[in-house]
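Colleague: Before I use the labels on this model, I would like to hear how each was reached.

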Amino acid sequence: QVQLVESGGGLVQPGGSLRLSCAASGSILNFIYMGWYRQAPGKQRVLVASITGDGITQYDDSVKGRFTISRDNAKNSVYLQMSSLKPDDTAVYYCNGYLPTFQLVTPWGQGTQVTVSS
C-alpha cells in the first residue's frame, strides 16, 4: 500500500505564499487522480484541488485562481502552490488520491499545518 507524506506547511501572513509537497512511497501513475484536502478546526475534510494522470486540474471555488496543483510522476510527488493566502485557508492539509479500486489511500498521512495569520 502506498504511503503519503505531506510537508511544507507553516505560519504565513495574509497575502503570502507557501508550497506544499506530498511524497508517495510508490508510483502515483496508477492513481485515477491525486488531490489536496484540508480540514479546518471543527470542520469536515474537503477536497480543494485535484489533478488527473493526464494533468487535468480542478479546484474548489474557494481557492480557484490562488492555488495551483501539479505533479511529478518521476518523483512520485504532488505539489500545491498556494498564493494570496487568507486566514480562512488555515487548516491541516492532506494529500490523497483515488486508486484504480476507487478507494482512497488509507490510512491518511499526518498532514501539514498551514496557519495564515498576522
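Predicted model: local features only at pLDDT ≥ 70, side-chain atom pairs only at ≥ 80, totals over all residues.

Modeller: Residues are numbered from 1 along each chain as its sequence is written, and side-chain values use heavy atoms, with hydrogens and water left out.

Colleague: What makes Cys-22 and Cys-95 a disulfide?

Modeller: A disulfide is a pair of cysteine sulfur atoms within 2.5 Å. The S to S distance between Cys-22 and Cys-95 is 1.8 Å, so the pair qualifies. The structure holds one disulfide.

Colleague: Why is the disulfide of Cys-22 and Cys-95 called right-handed?

Modeller: Because the torsion about its S-S bond is about 50°. The pair links distant parts of the chain, with Cys-22 in strand E3 (residues 18-24) and Cys-95 in strand E9 (residues 91-98), 73 residues apart. Strands (E, at least two residues) are DSSP runs, numbered from the N terminus.

Colleague: Why is Cys-22 called buried?

Modeller: Buried means under 20% relative accessible area, exposed over 50%, and partly exposed in between (1.4 Å probe, protein chains only). Cys-22 has 1%, so it is buried. Cys-95 also counts as buried, at 1%.

Colleague: Why is the pair of Tyr-37 and Trp-108 called edge-to-face?

Modeller: Rings of Phe, Tyr and Trp (its six-membered ring) pair if their centres lie within 6.5 Å; planes under 30 degrees apart count as stacked, over 60 as edge-to-face and the rest as tilted. The centres of Tyr-37 and Trp-108 are 5.0 Å apart and the planes lie at 85°, so this pair is edge-to-face. Tyr-37 is in strand E4 (residues 33-39) and Trp-108 in the loop between E9 and strand E10 (112-116), 71 residues apart.

Colleague: Which residues do ring pairs link into a cluster with Trp-108?

Modeller: Ring pairs link Tyr-37, Tyr-94 and Trp-108. Tyr-94 and Trp-108 are edge-to-face, at 5.9 Å centre to centre and 85° between the planes. Tyr-94 is buried at 10%.

Colleague: How do you know that the charged end of Arg-45 sits over the ring of Tyr-94?

Modeller: A charge sits over a ring if NZ of Lys or CZ of Arg is within 6 Å of the ring centre and within 35 degrees of the ring normal. Arg-45 is 4.0 Å from the ring centre of Tyr-94. Arg-19 lies over the face of Tyr-79, at 4.1 Å from the ring centre.

Methods:
Helix = DSSP H or I, 4+ residues; strand = E, 2+ residues; numbered from the N terminus.
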